[in-house]
Amino acid sequence: MQAKKRYLILLSAGACLVLLFYLGGVQLPAASRSRHDRSRNGYRSDQPWPHFSDPLHLFLPWDQTDTEEYNLHISPRQKRDINTSVYKGKRCRMDSCFDFSLCHKNGFKVYVYPQQKGEKISESYQNILSTIEGSRFYTSDPGQACLFVLSLDTLDRDQLSPQYVHNLKTKVQNLPLWNDGRNHLIFNLYSGTWPDYTEDLGFDIGQAMLAKASISTENFRPNFDVSIPLFSKEHPRTGGERGYLKYNSIPPFRKYMLVFKGKRYLTGIGSDTRNALHHVHNAEDVVLLTTCKHGKDWQKHKDARCDKDNAEYDKYDYKEMLHNSTFCLVPRGRRLGSFRFLEALQAACVPVMLSNGWELPFSEIIDWNTAAVIGDERLLLQIPTTVRSIHQDKILSLRQQTQFLWEAYFSSVEKIVLTTLEIIQDRVLEHGSRSSLMWNSHPGGLFALPQYSGYLGDFPFYYATLGIKPYPKFTAVIHAVSPLVSQSQPILKLLVAVAKSQYCAQIIVLWNCDKPLPAKHRWPATSVPVIVIEGENKVMSSRFLPYETIVTDAVLSLDEDTVLSTTEVDFAFTVWQSFPERIVGYPARSHFWDSNKERWGYTSKWTNDYSMVLTGAAIYHRYYHHLYTNYLPTSLKSMVDQLANCEDILMNFLVSAVTKLPPIKVTQKKQYKETMMGQSSRASRWADPDHFAQRQTCMNKFASWFGAMPLVHSQMRLDPVLFKDQVSILRKKYRDIERL
């Protein structure tokens, strides 16, 4: 009897459970459900978005729920199966799928496979390969390589695209160095195809790393893959335009508070968020416009809202909106990434990210909380209130950071590719990787090379941030190219004058003369050490080598025929201490655009402005020796060495490219120009009739490599009479300059 009762109780309980599932299902506990939702939608607790106890569900407009767009979504099981087949190496990390031993012998070198005959390659992918081949990482010897990049175009893996490369699976597997993708890097902008847009590249990537746009957090392998931005084929290969923030206006509000203008998708996998934007659009300070007028057969699929949306869409100019809005909405499109992301960054329009599950570009190094507002698609209706609540000081800070990030990492294909390679290099050389401050503050990780130092205080850019000052002494480096035949030569007078400076720690004479080194007794006796070094290969670039004997932060670079007094040296160094990241010196030159010849021109005329201070008499931070030697390509340094000219111009290009600022000119005595130009020694470059023409050529060659003209004009000259102190005191301190 009791057994029968137990049986009836179990039967009743089972029936109740079946009924519960039938009527609505057993719900997960609130805590576990919220964790599941956050991971599924890419929402992280550290994102700067208000917490709401009752989050909105994905907002589906009533007139869209029955369209084919929402019936084409694949099931979760199908999605898992696809992802499993695509990412067979999903558990790959640097320590499990990367061979570090290939990098220990020759450092971080990148090999690009030779291009195969008959293989089509898109302009965008060619730009990527050209950037790598022109970088300091490139090696043509696969035996020296640490990283390998395919010459097969993998950017567009949409089978409907004309750029799609067929039979890629077989072609990749037949590569002799493929090795299941180990130590390979694959670049990709588009994957999958309409209507599902999966992340399938159409071949097994094995253990290769992905540098991929629109990658989801679900498939992103942290510290292995690199998320890159989606960029168009028109994106410049080098250089790129500066950001559009010209003035830091206070308050930083613009005509519009929030804008968006883009496509709305009626077929295939689209964006639910874009379909709901019309609910937030108010045609005043929140202007969110979509159109379904795209594609050949859009009219076949148009819905009841299309005509109204299209009419509203045509009323507004996109560029005018972009340049006059405080915030720019960046919702997902057919894929997680969008071209709107880079457009907003450049325009100093703070991106409002609405693409749950998108691993943001270069997320490994960039703190996007300082440049963007990262939201949740489920909170669409609350966005206007949220952005209006952001304080104007925060808005200004966000806008400034958009400009820094744009110019440092996104303005060209070259910067996107080099940033990708630098991130991987930091993983390989973990002991010498950059800090977050280096990546997220000026001048950025591409110009702050960790091989120079692991201490931020050794770089000229971080003195103000750290509250420190450079070492209060300098090392003079005198470039000698003429034999020492007389005790009255300018180099000996210069050496004595520099040695008398109260700030001089030591003098290095770089002997680039073909004659043997003079005996020690030929050099005058001084109160500071004089070290004579033979130049490496006797080439011009050797004057900018990072010699270990330079122990001070400041380097006073001098030509052998420079004429400077001790007080001029003292004053220039005093000025440099206030501008340690710039070149400070005496002889100034300028550049200009020659519209007749359509090229950059170089002039030595004394005018009201200048853009270069020549390194024949200039002070700068010793870090620029390291940057000149290790950052610039061999081609530019070889050009300088072959011409025995232009090394001073190249150094000015480099420093201005880093700082985005002009050099500093200090007042010099009137005879300086005549003295410099009047030297008649055989080795003097001024006596060479081709000297000026060569410098014109150098200007344009350098501008081509940098992708733009980095030099900045200035009209500032610092005079000892007016610099920092009272006039009467300074007249006594620098009276020798005034008498000349």
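1. Strands β16 and β18. In this predicted model, strand β18 (residues 612-613) runs antiparallel to β16, and two bridges join them. One of the residues involved is Ala 588, whose bridge partner in β18 is Val 613.

2. Strands β16 and β17. β16 also pairs with β17 (residues 599-603), again in the antiparallel sense, over five bridges. Across this pairing, Trp 593 stands opposite Trp 600 of β17. The two strands form a hairpin with four residues between them. In the turn, Glu 598 has a positive phi of about 55 degrees.

3. Cover of β16. Is this strand mostly covered or mostly uncovered? β16 spans residues 588-594 and is mostly covered, with five of its seven residues buried.

4. The protein as a whole. Its secondary structure comes to 26 helices and 21 strands. Of the 740 residues, 55% are buried. The accessible surface is about 34,400 Å², and carbon and sulfur atoms account for 53% of that area. Among contacts with a separation of 6 or more, 76% are between residues 24 or more positions apart.

5. Phe 544 and Tyr 620. The whole structure holds 31 aromatic pairs. In one of them, the ring centres of Phe 544 and Tyr 620 lie 6.3 Å apart with the planes at 70 degrees, so the pair is edge-to-face. Phe 544 is in the loop between β13 (530-534) and β14 (554-559), while Tyr 620 is in strand β19 (residues 617-621), so the pair ties together parts 76 residues apart in sequence. Phe 544 counts as buried because its relative accessibility is 0%. Tyr 620, at 1%, counts as buried too.

6. Phe 653 and Phe 706. Why is this pair called tilted? The ring centres of Phe 653 and Phe 706 are 5.9 Å apart and the planes stand at 45 degrees, so the pair is tilted. Phe 653 belongs to helix α22 (residues 647-659) and Phe 706 to helix α24 (residues 691-706), so this pair links distant parts of the chain, 53 residues apart. Phe 653 is buried, with a relative accessible area of 0%. Phe 706 has 11% relative accessibility and counts as buried, because the cut-off is under 20%.

7. The cluster around that pair. Phe 653 and Phe 706 belong to one aromatic cluster.

8. Charges over rings. Which residue lies over the face of Tyr 313? Lys 261 does, at 4.5 Å from the ring centre. The charged end of Arg 340 sits over the ring of Tyr 318, 5.0 Å from its centre.

Terms used. Residues numbered from 1 in each chain as written. Predicted model: local features only at pLDDT ≥ 70, side-chain atom pairs only at ≥ 80, totals over all residues. Heavy atoms only, no water. Buried < 20%, exposed > 50% of the residue type's maximum accessible area, 1.4 Å probe, protein only. Pairing = 2+ DSSP bridges. Contact = heavy atoms within 4.5 Å. Areas by Shrake-Rupley, 256 points an atom, 1.4 Å probe, with all protein chains shown as cover. Phe/Tyr/Trp six-rings, centres within 6.5 Å; stacked < 30°, edge-to-face > 60°. Lys NZ or Arg CZ within 6 Å of the ring centre and 35° of its normal.
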